[in-house]
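The sequence and the structure are shown first.

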Amino acid sequence: MIAVGSAAGAIAILAAFTLTMVALAPLLSLSDAYALAGLGARGRNYGSVRLWGSVAFIGGNVGAGFILEVIAPGQLIWLIVSALVMLVIAAIALVPLNAGSKPMTATPTRSPKSLLRDPVFVAVALASSMVQGSHALYYGFSPLEWRAAGIDGPVIGLLWGLGVAAEVVLFALSGRLPGWLRPTALLAIGGVGAIIRWTAMAFDPPVALLPLLQILHAASFGAAHLGAMGFFARAVPKELTATAQGMVATLSGIVMAAATALSGLVYAA
């Protein structure tokens, strides 16, 4: 990311950012797999721990919104570099999940290909990828559009913070959700929330309506994410959790890349 911040010209920035994403891409999959396994072994709820990542996201976005008023947008990348340095320090401090445990007897390991032969896993992976991938246009271009419409940086930061605050509330309550609200139901709720949100956004809603639409982030991201994580925890063998996460991340990346490229062309036109 330091190379991205130091690069000059579109081609140099693209090349540096591509190499950066090769390193960053597995991060969420590995951290979620680590969290699911570690929390499961301790009988802890995923959502109540995951919400702290969302709290940090709120602080970062709201803070960046105010900082945007005093420094050039291109300089915000150094805040990202600082955050990544702290991330590396935290990662080094992580304890291996099997630390202190007795060696386990060898057991047959399922092939990763078995996931692709499971129609339920494939359906959940595709659904999760499409719902999360649908955010690509919004994440990439809503701040630009709002800025062009005269909305100032602090308000944009607060709008993003509001959306993630709704997500935090959902994560905090996830351990109290009724038993009949299964992971696939949460994923469906996420899809419906995304449909409502993007349909409303297509009609260029007034600023007064944006906070309400931002709250739907709790469904379009939060419920969909909890649904996918819950499904992995229940239906995927532990040794394949990271592989399953990687498959879904790959599908989401393809969807997001296609959506971002197409939306960028439309936005430019």
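In this predicted model, the largest nonpolar core comprises 39 residues, of which Tyr-46, Phe-121, Trp-146, Phe-232 and Val-236 touch the most other members. Helix H11 (residues 217-235) gives the most to this core, contributing eight residues. A second, separate core has five residues, among them Met-1, Val-4, Ala-16 and Ile-77. In soluble globular proteins, nonpolar side chains tend to be buried together.

Leaving aside residues up to four places away in sequence, Phe-232 is in contact with Leu-36, Phe-121, Ala-244, Gln-245 and Val-248.

Gln-132 is located in helix H6 (residues 119-133). The side chain of Gln-132 reaches the backbone oxygen of Phe-221 at 3.5 Å. Contacts of Gln-132, again without residues up to four places away in sequence, are made with Ser-220, Phe-221, Ala-224, His-225, Ser-252 and Met-256.

The structure holds one salt bridge. Arg-50 pairs with Glu-167, and their closest N and O atoms are 3.8 Å apart. Because Arg-50 lies in helix H3 (residues 46-67) and Glu-167 in helix H8 (residues 153-173), the pair ties together parts that are 117 residues apart in sequence.

| Residue | Relative accessible area | Class |
|---|---|---|
| Gln-132 | 11% | buried |
| Arg-50 | 22% | partly exposed |
| Glu-167 | 3% | buried |

How values were computed
Residues numbered from 1 in each chain as written. Predicted model: local features only at pLDDT ≥ 70, side-chain atom pairs only at ≥ 80, totals over all residues. Heavy atoms only, no water. Core = buried A, V, L, I, M, F, W, Y, C linked by side-chain atoms within 4.5 Å. Buried < 20%, exposed > 50% of the residue type's maximum accessible area, 1.4 Å probe, protein only. Helix = DSSP H or I, 4+ residues; strand = E, 2+ residues; numbered from the N terminus. Contact = heavy atoms within 4.5 Å. Polar contact = N/O pair within 3.5 Å; in protein donor to acceptor, adjacent residues only side chain to side chain. Salt bridge = Lys/Arg side-chain N within 4 Å of Asp/Glu carboxyl O.
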